[in-house]
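I opened the model with the sequence beside it and kept notes as I went. The entries follow in the order I looked things up.

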Amino acid sequence: MVAFEGAGKRYGPAGEGGFTAVESVDLTVGRGAITGIIGRSGAGKSTLIRMVNGLEAVTCGKVLVDGVDVGGLGEDGLRSLRRQIGMIFQHFNLLSSRTAFDNVALPLEIAGVDKKTIRAKVGPLLDLVGLGEKAGSYPSELSGGQKQRIGIARALATDPKLLLSDEATSALDPETTQSILELLKRINAELGLTVLLITHEMEVVKTIASHVAVIDAGRIVESGRTFDVYTNPQHETTRTLLASALKLPHWLRSAVKPQPAAGDRVLVRLVFFGDTAFRPLTGRLVTELGSDVNILAGAIEEISGEPFGSLVVSYSAEPDVVARANRFYAETGLVTEVLGYVP
Ligand SMILES: Nc1ncnc2c1ncn2[C@@H]1O[C@H](COP(=O)(O)OP(=O)(O)OP(=O)(O)O)[C@@H](O)[C@H]1O
């Protein structure tokens with residue numbers, strides 16, 4: 001549906017004085033899927049997503065939407081492309097002087113749709129997002145979650161085939177975030193709408209995205225099925241994002257250090273899924289190490305209906321113990337991740 005082909009964006013002049021925000025991105029966004037792009041602040045997420053609907057012009061490579069090169073479109077072409085691509089924003093971007101109904105109607109008015117058709121279209125959209133009762137309310141009379149629902153209804157007004165979500169839940173509390181993510185999931189399933197979202201929160205990706213790409217300093221450093229990336233992260237940036245999403249007890253989180261001091265223990269996340277979920281590996285780890293293993297945290301989670309378990313353990317950081325552990329992981333195929341060191 002969307003293909004980035006060596007796509008990049010440089011702000012300002014070429015050479016000195018300019019800044020490369022996105023560099024040579026190759027990425028495919030599958031039709032009908034929910035794909036997440038995750039990265040830290042300033043990684044280039046907003047720039048990347050805005051390249052899809054031409055809000056930012058690429059300065060190298062191409063972005064193709066359904067095979068059409070966005071960079072090659074003129075004014076008219078861009079206008080028609082934007083009717084096929086809805087977008088929602090962190091701060092909702094509703095017009096405060098317009099009611100919920102009139103905000104949703106706006107893209108249709110701009111497209112020159114007649115009043116009768118607009119009336120027939122907006123009511124069901126407000127119902128779809130659960131706000132049929134709020135048609136006459138102004139944004140100032142709505143909660144954050146309700147404003148985002150209006151934003152979603154407005155984004156759907158022109159029957160787009162692609163929805164871009166720019167940190168749509170970042171300004172919302174966790175419960176409201178969940179309800180908005182549920183709504184996006186439902187819209188994706190019911191309308192077959194392709195969703196491309198950017199976020200700095202792994203929890204968002206884990207909750208709704210079947211595929212994920214991790215962006216760091218303008219480059220995609222890792223991408224794939226969310227389950228694979230989450231259970232077996234390959235890049236340091238992904239690991240850091242995951243570690244901050246891991247529900248470690250507070251005392252443990254504050255004790256973790258990146259480098260060991262004398263006598264420290266290594267803190268490791270063991271991931272169990274597929275074959276390894278059914279074998280008694282934790283008991284064997286203790287035997288193999290010949291050293292005590294502390295179990296400090298654990299959880300069973302699910303991504304796209306696939307369950308996996310995480311167990312956070314610590315053991316001596318002595319080189320021979322660590323070597324025995326690594327040998328055991330290699331032999332058994334157990335996926336592990338070193339989270340740091342604890343006293
Ligand atoms: N118009 C601009 N001119 C110059 N530099 C820009 C411009 N817009 C963004 N940048 C720079 O490009 C980099 C990427 O910005 P971008 O907004 O895409 O990142 P982001 O991952 O979305 O970050 P955040 O989550 O903080 O919004 C940043 O270093 C930013 O300062």
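How many of the residues of strand β3 (residues 34–38) are buried? I found that five of its five residues are buried, and the strand is mostly covered. I noted the cut-offs: a residue is buried if 20 or more other C-beta atoms lie within 10 Å of its own, exposed if 12 or fewer, and partly exposed in between, with C-beta atoms placed from the backbone.

**Entry 1: ground rules.** I am reading a predicted model, in which local features need pLDDT of at least 70, side-chain atom pairs count only at pLDDT 80 or more, and totals for chains, interfaces and linings use all residues. Residues are numbered from 1 along each chain as its sequence is written. Helices (H or I, at least four residues) and strands (E, at least two) are DSSP runs, numbered from the N terminus.

**Entry 2: the whole protein.** I counted off twelve helices and 14 strands. The C-alpha atoms fill a box of roughly 75 × 50 × 35 Å, taken along the principal axes. Of the 343 residues, 35% are buried. I also looked up contacts (two residues whose C-beta atoms, placed from the backbone, lie within 7 Å). Among contacts with a separation of 6 or more, 69% are between residues 24 or more positions apart.

**Entry 3: back to β3.** I checked the two faces of the strand. In a regular strand the side chains alternate between the two faces of the sheet. In β3, I34, G36 and I38 lie on one side and T35 and I37 on the other, and all are buried. I then looked for partners, where two strands pair if DSSP finds at least two bridges between them. Strand β8 (residues 194–199) runs parallel to β3 and is joined to it by five bridges. I34 stands opposite V195 in β8. Strand β9 (residues 211–216) is also parallel to β3, with four bridges. There, T35 has H211 as its bridge partner.

**Entry 4: two open sheets.** Strands of a sheet pair through backbone hydrogen bonds, either parallel or antiparallel. I traced an open sheet of four strands in the order β2-β1-β4-β5, and its pairing is antiparallel. Which strands stand at its edges? They are β2 (19–29) and β5, each with a single partner strand, so one side of each is left without a neighbour in the sheet. Strand β1 (residues 2–11) pairs with β2 over seven bridges. R10 stands opposite T20 in β2.

I traced another open sheet of four strands, in the order β12-β13-β11-β14, with antiparallel pairing. Its edge strands are β12 (294–303) and β14 (335–342), each of which pairs on one side only. The twist averages 20° from one strand to the next. I counted nine bridges between β12 and strand β13 (residues 306–316). G298 stands opposite L311 in β13.

**Entry 5: α5 and α6.** I looked at helix α5 (residues 144–156) and helix α6 (residues 174–191), whose axes come within 10 Å and cross at roughly 20°. Axes are lines fitted to C-alpha atoms, for helices over the stretch in contact, and angles run from 0 to 180 degrees between N-to-C directions. The two helices are therefore roughly parallel to each other (angles under 35 degrees count as such). G144, G145, Q148, R149 and I152 in α5 meet T176, S179, I180 and L183 in α6. I sorted the residues of this contact into three nonpolar, five polar and one charged. Here Ala, Val, Leu, Ile, Met, Phe, Trp, Tyr, Cys and Pro count as nonpolar, Asp, Glu, Lys and Arg as charged, and the others, Gly among them, as polar.

**Entry 6: α11 and α12.** The axes of helix α11 (residues 281–289) and helix α12 (residues 319–332) come within 9 Å and cross at roughly 140°. L281, L285, E288 and L289 of α11 make the contact with V321, R324, A325, F328 and T332 of α12. I sorted these into six nonpolar, one polar and two charged.

**Entry 7: positive phi.** Most residues other than glycine have a negative phi. I noted D66, whose phi is positive, near 50°. D66 is in the loop between β4 (60–65) and β5 (68–69). Is D66 buried or partly exposed? D66 is partly exposed, with 13 other C-beta atoms within 10 Å. I noted E167 as well, with a positive phi near 55°. E167 is in the loop between β7 (162–166) and α6. E167 is partly exposed, with 19 other C-beta atoms within 10 Å.

Technical notes:
Parallel < 35°, antiparallel > 145°, perpendicular 65-115°, else oblique.
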